[in-house]
Amino acid sequence: WEVDRAVLVYYNCTSSLSALVTMSSFAHHTAVEVQLKEQLVQGVVMFTGAVEFAAGDDWVGIRLTTGSLGLGKNDGSVSGKKYFQAGQDKNGIFVRSSQVKRREGMSR
């Protein structure tokens, strides 16, 4: 039991650390891109962390920009809770941090 518990503690610590490292690379206003089915969308990070509508603390809220405007799913709100300002409806999305990539050639 002691060995199993030590492995479990190690796994939990490394999983949390991995999520923390992934999340920390997406500071607010970082320019990012996300592959949504067949569509690559671009935007900026406006929210990171836990949400009320799903489990986990690795969510990223993105305000879509440029040619991606109108391709989102919300305005930064889900079920009446506002997480960030996305402007108009369909200019915001929430995705897991593992789906987000920093945009090439962007300083932030």
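1. Tyr 83 is buried, at a relative accessible area of 12%; buried means under 20%, exposed over 50% and partly exposed in between, with a 1.4 Å probe and protein chains only. The charged end of Lys 81 sits over the ring of Tyr 83, 5.4 Å from its centre (NZ of Lys or CZ of Arg within 6 Å of the ring centre and within 35 degrees of the ring normal).

2. This is a predicted model, in which local features need pLDDT of at least 70 and side-chain atom pairs pLDDT 80 or more, while totals for chains, interfaces and linings use all residues. Residues are numbered from 1 along each chain as its sequence is written, and side-chain values use heavy atoms, without hydrogens and water.

3. Phe 94 is also buried, with a relative accessible area of 13%. Tyr 83 and Phe 94 form an edge-to-face aromatic pair, 5.3 Å centre to centre with 75 degrees between the planes. Rings of Phe, Tyr and Trp (its six-membered ring) pair if their centres lie within 6.5 Å; planes under 30 degrees apart count as stacked, over 60 as edge-to-face and the rest as tilted.

4. One aromatic cluster is formed by Phe 47, Phe 53, Trp 59, Tyr 83, Phe 84 and Phe 94. Phe 47 is buried, its relative accessible area being 14%.

5. Glu 33 is buried yet has no salt bridge; Lys 101, the nearest side chain of opposite charge, is 4.1 Å away. A salt bridge needs a side-chain nitrogen of Lys or Arg within 4 Å of a carboxyl oxygen of Asp or Glu. Lys and Arg count as positive, Asp and Glu as negative; His and the chain ends are not counted.
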